[in-house]
Every structure is written in C-alpha cells, then in structure tokens.
Amino acid sequence: MTPSTNTPERSSRDVASRDTAGGFSRRAFLHGSGAVAAAATLQTSATAFAQAAGGGTSIVSGETTIELSVNGKTHSVKAEPRTTLLEVLRYQLDLTGAKPVCNDGSSGAATILVDGKPMQANTLFAIAMVGKQIETVESLAKDKVPAAFTACDAQQCGFCTPGFVVAVKAFLDKKPKATETEIREGLNGNICRCGTYVNIVQAAVKLVKGDA
Ligand code: FES
C-alpha cells in the first residue's frame, strides 16, 4: 500500500521537541520502563531460581501428588492446598473411622494421631502432613482400647466412638496411671451427643486398672 501523501512529514527536530515536551523525554521514559521491565524479569527469574534451588518459599497451587505415611504404609495421594487430611483419609484411602462432624475440631470426632499426638484431621492440611507418621483408629483394631469400649458398652450411635478411642489411647499412653478425674479432664476435647460419657470413662478406668 502506498503511504498517504496527506500525512505531514515530521522532522527529526519535531520528534525531538515532542520527546522532550514538558521537560520529560519520551525516549527516556521508554528507556526507563524497559529497564524496569528487565529488572522485574530478572527478579522473577531470581526468585524462580532460588525456589528451584530450595532457597525460597515455594507456592503450591492446584492439585499435586504427595506421599503420606498412614498406619505404617506410604500412600500416594492427590491434594490441593486446601484439602484436609480428613478428606484424604476418607475419600482417597477409604479410612472412614475419623468422622466429619464439625469443621473446627470442636467435636473431637476426627481425632487421629500425628507423630503420636492426638490431632483433628479436619483441621490439618494434607500437604502439611508429608513426612509425619499418621495413625487412625483403624490401626487400633486389635488394641485393648476398643475392646474395653465394647466391654463397657461405651457407645450408642457410635459417631463419636472412633475419636474417643484414639483420644483414650493417646491419653493413657501419656498417663497410664491416670485417675478418673484426670481421665475426664484428658478427654474433655471430645463430645458425645448421646451422653455415653460414664461408660467411656469406665472403659478408660478399666484400662488403667488392667481389667480390660
Ligand atoms: S455414642 Fe452417639 S455421639 Fe457418642
């Protein structure tokens, strides 16, 4: 296409005068912004490099595959940053003992052991559990605690029971000679809506006495 002859030709002086109009050079601005962009690119590259080298905080987004140690076995599972340990246990590993009764751990129904300490699986992010030893109520199938619950008829609907079993196990491992009062205090993070507390405490006392 032939360039329009109506377009007035600008002399290099015109361009220079427009470039410096108002005391601000357009070329200087473009040059400067180019430098800023380059610096930003370098910064991004440096950050990426530092992260790749393990020198920075990496940001995880989307689904990722992680390995979790659950009940003595290593499992490869998929988790987003927001995925809870409870969701992984129930919906990927089919370990449904821990229950989704609440979202904040206040019921104690999702009690599991992390490195031997009782915690609430619904308040833990799965990706934060990499490298930890997780034990669920399923690992206690042959333990004395569920046997004592059965002997003392310590459940009604059973929804709270797995959490109580794990809580009793963790508490008595820490305090094997606990008194009844101490047992009641030690289990106060778990709630039974059916009100089976008397039988649950009886089961724990039985275990302390070695009767179970
Ligand atoms: S037995 Fe029903 S909530 Fe405890």
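This is a predicted model: local features need pLDDT of at least 70, side-chain atom pairs count only at pLDDT 80 or more; totals for chains, interfaces and linings use all residues.
A residue counts as buried when its relative accessible area is under 20%, as exposed when over 50%, and as partly exposed in between. Setting aside neighbours within four places in sequence, the contacts of His75 are Ile66, Glu67, Leu68, Val70 and Leu93. Leu93 lies 18 residues away from His75 in sequence, yet the two C-alpha atoms are 8.1 Å apart in space.

Stepping back to the whole chain, the protein has 7 helices and 5 strands. Along the sequence they come in the pattern α-α-β-β-α-β-β-β-α-α-α-α. Of the 212 residues, 33% count as buried. As for contacts with a separation of 6 or more, 51% of them are between residues 24 or more positions apart.

The strands come next. Strands of a sheet pair through backbone hydrogen bonds, either parallel or antiparallel. Here, 5 strands make up an open sheet with mixed pairing, and their order is S2-S1-S5-S3-S4. S2 (73–79) and S4 form the edges, each pairing on one side only. On average, and ignoring direction, neighbouring strands in this sheet are turned by 45° against each other. Helix H5 packs on the sheet and touches S3 and S4, its direction making about 40° with that of S3.

At the S2 end of the order, strand S1 (residues 64–70) runs antiparallel to S2, and 7 bridges join the two. Strand S3 (residues 111–114) has two partners to look at. With S4 (residues 117–120), S3 pairs in the antiparallel sense over 4 bridges, and Leu113 has Pro118 as its bridge partner there. The hairpin of S3 and S4 leaves 2 residues between the strands, and Asp115 takes a positive phi near 50° in it. With S5 (residues 133–135), S3 is again antiparallel, this time through 2 bridges; Val114 stands opposite Ile134 in S5. Both faces of S3 are covered: Thr111 and Leu113 are buried on one side, and Ile112 and Val114 are buried on the other.

Now for the helices. Two packed helices are described by the angle between their axes and the distance between the axes. For H5 (residues 161–174) and H7 (residues 197–209), the angle is about 35° and the axes are 11 Å apart. Their crossing is right-handed. On the H5 side, the residues involved are Phe164, Val168 and Leu172, which meet Tyr197, Ile200, Ala204, Leu207 and Val208 in H7. Sorted by class, this contact has 8 nonpolar residues, with no polar and no charged ones.

Finally, a word on cysteines. A disulfide is a covalent bond between the sulfur atoms of two cysteines. Counting pairs of cysteine sulfur atoms within 2.5 Å, the model comes to 0 disulfides. Cys102 has a relative accessible area of 13%, which is under the 20% cut-off, so Cys102 is buried. Cys160 is buried for a like reason, because its relative accessibility is 12%.

Key
Residues are numbered from 1 along each chain as its sequence is written. Side-chain values use heavy atoms; hydrogens and water are left out. Axes are lines fitted to C-alpha atoms, for helices over the stretch in contact, and angles run from 0 to 180 degrees between N-to-C directions. A crossing is left-handed if the near helix is turned anticlockwise from the far one by less than a right angle, and right-handed if clockwise. Contact means heavy atoms within 4.5 Å. Ala, Val, Leu, Ile, Met, Phe, Trp, Tyr, Cys and Pro count as nonpolar, Asp, Glu, Lys and Arg as charged, and the others, Gly among them, as polar. Buried means under 20% relative accessible area, exposed over 50%, partly exposed in between (1.4 Å probe, protein chains only). Two strands pair if DSSP finds at least two bridges between them.
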